[in-house]
Amino acid sequence: QLFFSAPATLHSSFCSESRECLQFDLICRTDEYEVRHYSATRWVSTDAEAYFLGVGAAMAFRRLYHYISGANEEGVRFEMTAPVLVEVPEEVRMWEPAIYTLSFLLPSAYQERPPTPTNDKLYFSDMPDMDVYVRSYGGWMLSITSRLHAHLLSRALLRAHAHFNHTHHYAVGYDSPLKLLNRHNEVWYLVEGDPVCGQEHTPLPTGAH
């Protein structure tokens, strides 16, 4: 099962606005990060060139929102899912814009045959079956806070001698801009090799979500 209805789950605290939210298996949790397993899923994505995460994400978000609002060849409208992913490159030169890739999770009804976008800047991307290191934080997902939490997560992973993909991380949002309180954001790094839970971690019972 790739999706769940948010109100019926333990994750509803940060999936309260979306009818469909991405399912995961929690492998372990330390004081500094979680390790999660995600099954393969399909997303609709677009790239934006910008100097700041917030600017790039706003441009890309607009395109994707038009797509789910009917800007597709079938004229289909569907609700937002959660989370929204922004792929953020790690190496950004000071005076050059970066390429940010923003992705909306396709609803379960359209995972196999999604509506065809009318905007040629949109494309479909397949996320593989994967393990990720996750750090959660509240407030607004601004360029500076996202970078800070990515830095804190990478520092924690290096201390734990964990191997992860250093080329990019994901800034992950669960809330609409209209939600002011109890916002939930995450930073993800993709696990390389076997996930490392560290010395001090909470073991989880088999089959726990």
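This short talk goes through the structure shown above, from its overall layout to a few local features.

The structure is a predicted model, in which local features need pLDDT of at least 70 and side-chain atom pairs count only at pLDDT 80 or more, whereas totals for chains, interfaces and linings use all residues. Residues are numbered from 1 along each chain as its sequence is written, and side-chain values use heavy atoms, with hydrogens and water left out.

Let me begin with the overall layout. The protein contains two helices and twelve strands; helices (H or I, at least four residues) and strands (E, at least two) are DSSP runs, numbered from the N terminus. Read from the N terminus, the order of elements is β-β-β-β-β-α-β-β-β-β-α-β-β-β. Of the 209 residues, 45% are buried. Here buried means under 20% relative accessible area, exposed means over 50%, and partly exposed lies in between, with a 1.4 Å probe and protein chains only.

A contact means heavy atoms within 4.5 Å. Among contacts between residues at least 6 apart in sequence, 70% join residues at least 24 apart. The accessible surface comes to about 11300 Å², and carbon and sulfur atoms account for 54% of that surface. Accessible areas come from the Shrake-Rupley method with a 1.4 Å probe, and for residues only the protein chains shown count as cover.

I turn now to the disulfide. How many disulfides does a search of the whole structure find? The search finds one, a disulfide being a pair of cysteine sulfur atoms within 2.5 Å. The partners are Cys-28 and Cys-197, with their sulfur atoms 1.8 Å apart. This pair links distant parts of the chain, since Cys-28 sits in strand S3 (residues 25-30) and Cys-197 in the loop between S11 and strand S12 (201-202), 169 residues apart. The link is left-handed, with -95° about the S-S bond. Cys-28 counts as buried because its relative accessible area is 1%; Cys-197, at 15%, is also buried.

Next come the charged pairs. Side chains of opposite charge can pair when their charged atoms come close. A salt bridge is defined as a side-chain nitrogen of Lys or Arg within 4 Å of a carboxyl oxygen of Asp or Glu, and by this rule there are five. Which residues are linked in a network of salt bridges? They are Arg-29, Glu-34, Arg-36 and Glu-186.

Glu-34 is buried because its relative accessible area is 15%, and Arg-36 is buried because its value is 1%. Arg-36 also forms a salt bridge with Glu-186, the closest N and O atoms being 2.8 Å apart.

Is Asp-126 buried or exposed? Asp-126 is exposed, because its relative accessible area is 53%, while Arg-42 is partly exposed at 24%.

Two backbone features deserve mention. Most residues other than glycine have a negative phi, and most peptide bonds are trans. In this model, a cis peptide bond joins Ala-82 and Pro-83, with omega about 0°. Pro-83 is in the loop between helix H1 (53-68) and strand S6 (84-89). His-161 has a positive phi, near 60°; this residue lies in the loop between H2 and strand S10 (168-173). His-161 is exposed because its relative accessibility is 66%.

I close with the surface. Trp-140, Leu-142, Ile-144, Leu-180 and Leu-181 make a nonpolar surface patch of about 590 Å². Patches are made of residues with over 30% relative accessible area and no salt bridge; like charges are joined within 9 Å, and nonpolar side chains (Val, Leu, Ile, Met, Phe, Trp, Tyr) within 5 Å. One member, Ile-144, belongs to helix H2 (residues 143-159) and counts as exposed because its relative accessibility is 67%.
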